[in-house]
Structures are given as C-alpha cells and as structure tokens.
Amino acid sequence: MNEKATMEDGAGREGVHLRVAGKVQGVGFRPAAWRVARRLGLGGWVRNDAAGAEVLLLGDRERCGRFLEELRRELPGVAGIEAVERRWPPPAGAPVGKRGEFAILESPDPGVGVRSAGVLPDLATCPECLREMADPKDRRYLYPFTNCTACGPRSSILLRLPYDRPNTTMGGFRMCKACEEEYRSPGNRRFHAQPNACPACGPRLEWAESGGGRRVLREEALEAALRALREGKIVAVKGIGGFHLMVDARDAAAVARLRHRKRRESKPLAVMYPSMAALEADCAVSAAERRAMGSPEAPIVLVWRRAGSISVAAEELAPGLPWLGVFLPYSPLHHLLLRGVGFPLVATSGNLTNEPICTGNEEADRKSVV
C-alpha cells in the first residue's frame, strides 16, 4: 500500500486536494483515510508531509465532500483535525498514484523548510495488545515491545518529521514477513503502524547487573528484574522515553535508600499500581480521575489517600501530604513487571536531582543511582 507517487496531469479531473493540519501523524490517519476513500469509491492517495497530512481525492464533488465528514468519524479519539486547506480541482501535475485506486504514498522529502506537523505523545497499551500479550498461543505472548496504530511509542522514538518508520528509532529494525503482512493489510489494526514489531524482528529485553555483572535476555531478563524487585532492590528500567527507577513502594527502607541515592530528600515520588482495584484499596478515586488514568495518555494523577488503608509506605513516598501521585502501567513492559510482582512500585525518573533523565545505556551506567 505504500506506493511510489507518479506524476500525472490532474487538470480537468474532478476531485479535491487537501492539506490537513493537527494530530494526524502516528494516529492511524492514513489507514483511516484509505478505508474511507475506498468505501466512497474515490481514487487518489494520502501521505504525511512536514506540516501534517496531504490527501488527493479523485471523484465527483458530492463524494469528495463526504470524505472529511466520514473521516472524522473514522479517526481514533486521540487524533485531531485542526485545519483543512482545500483546492478544487486538484492542481495540474499533482502525483495521483495508480489510476482508479486510492493508495498510501511515501512521504515527500521535506527538505530544510519548517516542519510543523503535530505528533502525539506515547500512548498506553491498548486492550487488544494486552490480550495478545496474555495469550500463550499468540506470537507476541509476553513481548514487552508490542504496539499497534492505537497504542505504543510516538514522540519519544521520533528522529525527524514526517512520522514514518525510517524517521524513527525503529528504522533499524527490519520487519519480519509476518509483521510486514500486518503492516500492508488494510483490515489489520497494525496497517501502517510505524513501530510494528514482534519477538522475531523487534527490540529484545536485556537484564544487566550493575558493575558489569551477569547479562541475560528475553524471559530470563524479565525474571531477573522481578526477582530483584521482590528482594527490595532498586531496578533501572529503560522505558520508552528514557530510564526510570523502580522499587517496592511498600518497603520503607528501600524507598529511603532510593531517596538517598537520588539525593531527593522529601519531594513526592510517583507510584505505579498493578490495577485500578489495587489503587482504589489505598486511595479515593473520582470518576474523572479514573477516566484520566485509563486514557491513552495514562497520566500521573494526584489522588487522596485513604486513612488507615494504605498498603504502601505513604510517609516515605509523600511526606506530610494527604495525596499520592499515582498511575497505571502504560507500556507492555510495565504491565509485565506489575503483573509479575503484584504490588505497587515507585516509578521515578532515572537521574540525580536537578539533572536530566538518562536516555542511553552508557550514560545510565556512568550516573547510576542503583
């Protein structure tokens, strides 16, 4: 579906050329445009550009007019069309792809001009990907880097606009045949999911003990991390956007040790809970707070602690405060870790106080607070 653009004369052909601005990259905009155009019997193409997305529709004015209306309904909730520039009819010399078809084209080289496309933040793992991870028969069973067009990394893996796989840190991972078929299949939810990967072709989990000790991979790495967390050790986890530090939130001594090594004496620490049920046993959560934590953005939310029913070391986590900063697992790796230990974990940035977060392995080793 990712065709090369061909130059044909658009003059005299009925249709419209659209430039779309907003949150339209990394949200399944192009697959949605493809589905709507095909449903309406329109020819043309869609592609990303440095300012958002570009669409050429070839067909009668009535069906072209319905395209945007139906597209807005088709787009996932995280997407957002902010502005549309229309040109009737399409300009002469515009690339039109294959005649009578609608295609997803490769993005044009943006050159050195202004790049203003809106890119989404990383999105929490969707229910469909979680179901795959929990299914022993699925090829992504327990895979900590699974994603689709509805979830996964976005801005943190982006190297440059437009948002296409070669312009991300996933560009170095060549998709296997099964992932490539998903990526090319319009009916698949991984249709043009740029970070698409699986255990056969994507990133792998690695455990490295501090001081250059034992290194293990994949399932052994996960088990090593779980064992360390159960023992009250501090674990540096390389998340989607950089390193963060995790430790048993119930263990007052472990939390105090983390504070000492981070040089963070009293500032509150965020807590990641394995589930909403576990969180609500400790805290009073409103409907609005519940919706926010369950949203694709999965933010940290301040909630009131329940007096007398706290299972975490509350005074060490948020000294003198009636609230806790809490959130739920938002990446596949977090789900595996929290499901594996079954108790809440402190999750705080992997850096010393007043220093930037560590993003690379060598930097994390050099500045380790573990």
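**Helix packing and a cavity**

Analyst: In helix 5, the residues Leu222, Ala225, Leu226, Leu229 and Arg230 meet Leu336, Leu337, Gly340 and Val341 of helix 10, where contact means heavy atoms within 4.5 Å. This is a predicted model, in which local features need pLDDT of at least 70 and side-chain atom pairs count only at pLDDT 80 or more, while totals for chains, interfaces and linings use all residues. Residues are numbered from 1 along each chain as its sequence is written, and side-chain values use heavy atoms, with hydrogens and water left out.

User: How do helix 1 and helix 2 cross?

Analyst: The axes of helix 1 (residues 29-40) and helix 2 (residues 61-74) come within 9 Å and cross at roughly 135 degrees, which means that helix 1 is oblique to helix 2. Among the residues making this contact are Phe29 and Val36 of helix 1 and Phe67 and Leu71 of helix 2. By class, the contact of helix 1 with helix 2 divides into eight nonpolar, no polar and six charged residues.

User: Changing topic, how many cavities of 30 Å³ or more are there?

Analyst: The count comes to one cavity of 30 Å³ or more, a cavity being a set of points on a 1 Å grid where a 1.4 Å probe fits but cannot get out. About 100 Å³ of space lies in the largest cavity.

User: Which residues are closest to its centre?

Analyst: Of the 17 residues that line the largest cavity, the closest to its centre are Gly26, Val27, Gly28, Tyr163 and His192, and lining residues have an atom within 4 Å of a point. Helix 1 gives the largest share of this lining, three residues.

Methods
Axes are lines fitted to C-alpha atoms, for helices over the stretch in contact, and angles run from 0 to 180 degrees between N-to-C directions. Helices (H or I, at least four residues) and strands (E, at least two) are DSSP runs, numbered from the N terminus. Angles under 35 degrees count as roughly parallel, over 145 as roughly antiparallel, 65 to 115 as roughly perpendicular and the rest as oblique. Ala, Val, Leu, Ile, Met, Phe, Trp, Tyr, Cys and Pro count as nonpolar, Asp, Glu, Lys and Arg as charged, and the others, Gly among them, as polar. On a 1 Å grid over the protein atoms alone, a cavity is a set of points where a 1.4 Å probe fits but cannot get out, and a pocket is an open set with protein on both sides within 12 Å along at least five of seven lines; lining residues have an atom within 4 Å of a point. Grid points are joined across faces, edges and corners, and a volume is the space filled by probe spheres set on the points.
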